[in-house]
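Hello,

Here is the structure that I promised to hand over to you. Please look at the sequence and the model before you read my notes on them.

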Amino acid sequence: MKTILVTGANGYLASYCRMLNSDKFHWICMTRKDADLSDPESVKKFLETAKFDLCFHTAANATTALCEENPDLAHKINVESTQMIIDACRKQNARLIFSGTEQSFNGKVEHGPFQEDEPMNAVTVYGQNKAECEGLIESQLTDYVSLRYSWMMGLSFPGIKASPNIIANVMNALLHDKPTLFTCNEKRCMTYAKHLAEQFVQITELPTG
Ligand SMILES: NC(=O)c1ccc[n+]([C@@H]2O[C@H](COP(=O)([O-])OP(=O)(O)OC[C@H]3O[C@@H](n4cnc5c(N)ncnc54)[C@H](OP(=O)(O)O)[C@@H]3O)[C@@H](O)[C@H]2O)c1
């Protein structure tokens, strides 16, 4: 059985993938308590002792507004710590499964859909961070899968806390009878997070790229 290191292990997508594939891999969990991505050296230190065949890197600051407010911190968390993960994967010949985003394309003037090898263009710090990570991965690793998620939707249930998404946000507004502000004219794709978790084993076996 392969050993997989998962960063951001208690986050939405990581915990969902872990729950549905608990018997498919030996899971090593990295959480904020083990290493804080705002301190890339702590990530490096944690990875020095961990042995793994695959790394599912999900930890990130994915809050667009927070990344805009503090781009230096966002760069440390999202990019410089990812470099530590790339270094560890290279040393161990481990395959990296990276969590990228469609938001790396939100600065494109022309309409999609885009080909995989189309140059990215992001107007947000978050999208730029993720695009920079993809560039680092592509130039330094030979065995990796970069996933560009759309908006991953779903509800929370015991053991799984959904990150904010349109379905959960609308449900919460209805349940709590709370007036809520939604962005309009935002065109995004959506994916049921359960489908990602159900196909996780096949995803880990995709060809490099
Ligand atoms: N959900 C989406 O719609 C979507 C779309 C595109 C891309 N993505 C990407 O997919 C990945 C997973 O998303 P998600 O929805 O599962 O997000 P999530 O639930 O917010 O999980 C992110 C994880 O990262 C950890 N983390 C954040 N800052 C950290 C820090 N400074 N040090 C250590 N750990 C830190 C969090 O730890 P705590 O639990 O301690 O806060 C959390 O466990 C992210 O990389 C995100 O950018 C998500």
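What follows describes the surroundings of the ligand and then some points in the backbone.

Please keep in mind that this is a predicted model, in which local features need pLDDT of at least 70 and side-chain atom pairs count only at pLDDT 80 or more, whereas totals for chains, interfaces and linings use all residues. Residues are numbered from 1 along each chain as its sequence is written, and side-chain values use heavy atoms, with hydrogens and water left out.

Around the ligand there is a shell of 25 residues, of which Tyr12, Thr58, Tyr126, Lys130 and Ser163 are the closest; a residue is near the ligand if one of its heavy atoms lies within 4 Å of it. Several polar contacts can be described here, a polar contact being a pair of N or O atoms within 3.5 Å (within protein, one must be able to donate a hydrogen and the other to accept it, and residues adjacent in sequence count only if both atoms are side-chain atoms). Tyrosine 12 takes part through a polar backbone atom, which is 2.8 Å from an oxygen atom of the ligand. Aspartate 36 has a polar side-chain atom 2.9 Å from a ligand nitrogen atom, while serine 163 places a polar side-chain atom 2.7 Å from a ligand oxygen atom.

On its own the ligand has 890 Å² of accessible area, and the protein covers 82% of this; such areas come from the Shrake-Rupley method with a 1.4 Å probe, and for residues only the protein chains shown count as cover. Two or more residues of the shell come from each of α1 (12-20), β4 (95-101), α5 (125-140) and β6 (151-153), and β4 gives the largest share, 3 residues. Helices (H or I, at least four residues) and strands (E, at least two) are DSSP runs, numbered from the N terminus.

Turning to the backbone, glycine 112 and proline 113 are joined by a cis peptide bond, with omega about 0°, and proline 113 lies in the loop between β4 and α5.

Asparagine 93 is not a glycine, yet it has a positive phi of about 55°; it is found in the loop between α4 (71-92) and β4, and it is exposed, with a relative accessible area of 72%. Here exposed means over 50% relative accessible area, buried under 20%, and partly exposed in between (1.4 Å probe, protein chains only). Aspartate 177, also not a glycine, has a positive phi of about 50°, sits in the loop between α6 (166-175) and β7 (190-192), and counts as exposed at 69% relative accessibility.

Best wishes
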